[in-house]
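Have the structure open as you read.

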Amino acid sequence: MELKDILLAISIGLLPSLIWLVFFLREDAHKEPKLMILKVFIAGAFISLVAVAFQYASQEILGFLKVEKYAFVSILVLAALEEALKFLAAYLIIVRNQFFDEPVDAMIYMIVAALGFAALENVFIALNSVFQNGWNSNDLFGILIFRFIGATLLHALSSAIVGYYWAKKFILDKVPLITGIEKRDIAEDLIMQGIIFASLLHAIFNFLILKYNDILIYPTIFLTIIALFVFWNFEKIKRFIK
């Protein structure tokens, strides 16, 4: 295997995330600094390595509890781990940063972290394909096209949902204290609600892929519905732009 083949496989692996990154950044009226985008993207990629370790441990625990690998509860646990870690990647980079100054930024940075997460997954898949099967452009591009319209987009959309709830928390933090209710508790609950909702949608998509692996119409329709929901949320949050 030549170095140029490895580098080309890495480049092709990055391509789905980079294309979606350019697409989603157009939703931000006030563009974020390129350095911040890069930091969050790299953080998302790094956290995917942490996710592998957590997922391996969780599968061992679920196996000990006699839960089947492809049971919905197993799929849901793995999805929840990914959604929580993607949130953590974005949160650690931007939560106290001066550029996190608008509600829509939460959605943008969550999508960036998710695309970084998916990028490293895609790179490993591309490299694995090359090492196992040699350089086969048809197989490689076929895999990555499937990843482009499937898993990569799913990661972006599910994290956008977490970002939407984070944006709602951002807005709530700016309003006066709600009489008789702990505003902070409501705000923190929003983040958890977002992760739970995103994890559920993520798990349902993965379940559909596993159950109907020869019939892609069902996961495609489901992903389209999620996409419409996300862009509707973008429009709602954009109303709060300065």
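This is a predicted model: local features need pLDDT of at least 70, side-chain atom pairs count only at pLDDT 80 or more; totals for chains, interfaces and linings use all residues.

## The second largest pocket

Sorted by class, the lining of the second largest pocket has seven nonpolar and four charged residues, with no polar ones.

## The largest pocket

How much space lies in the largest pocket? About 860 Å³. Of the 30 residues that line the largest pocket, Q55, E82, E121, R147 and N206 are the closest to its centre.

Six helices each contribute at least two residues to the lining of the largest pocket: α2 (34-64), α3 (72-94), α4 (103-133), α5 (137-149), α6 (151-174) and α7 (183-211). The largest share, seven residues, belongs to α2. By class, the lining of the largest pocket has 18 nonpolar, eight polar and four charged residues.

## How α3 meets α6

Now for helix packing. Two packed helices are described by the angle between their axes and by the distance between those axes. For α3 and α6, the axes come within 10 Å and cross at roughly 60°. Angles from 65 to 115 degrees would count as roughly perpendicular and angles under 35 as roughly parallel, so α3 and α6 are oblique to each other. The crossing of α3 with α6 is right-handed.

Which residues of α6 does α3 meet? They are H155, S158, S159, V162 and W166, and on the α3 side the partners are E82, E83, K86, F87, A90, Y91 and I94. By class, this contact of α3 with α6 has six nonpolar, three polar and three charged residues.

## How α2 meets α3

The axes of α2 and α3 come within 8 Å and cross at roughly 150°. Angles over 145 degrees count as roughly antiparallel, which is why α2 and α3 are described that way. The crossing of α2 with α3 is right-handed. By class, the contact of α2 with α3 has 16 nonpolar, five polar and three charged residues.

Key. Residues are numbered from 1 along each chain as its sequence is written. Side-chain values use heavy atoms; hydrogens and water are left out. On a 1 Å grid over the protein atoms alone, a cavity is a set of points where a 1.4 Å probe fits but cannot get out, and a pocket is an open set with protein on both sides within 12 Å along at least five of seven lines; lining residues have an atom within 4 Å of a point. Grid points are joined across faces, edges and corners, and a volume is the space filled by probe spheres set on the points. Helices (H or I, at least four residues) and strands (E, at least two) are DSSP runs, numbered from the N terminus. Ala, Val, Leu, Ile, Met, Phe, Trp, Tyr, Cys and Pro count as nonpolar, Asp, Glu, Lys and Arg as charged, and the others, Gly among them, as polar. Axes are lines fitted to C-alpha atoms, for helices over the stretch in contact, and angles run from 0 to 180 degrees between N-to-C directions. A crossing is left-handed if the near helix is turned anticlockwise from the far one by less than a right angle, and right-handed if clockwise. Contact means heavy atoms within 4.5 Å.
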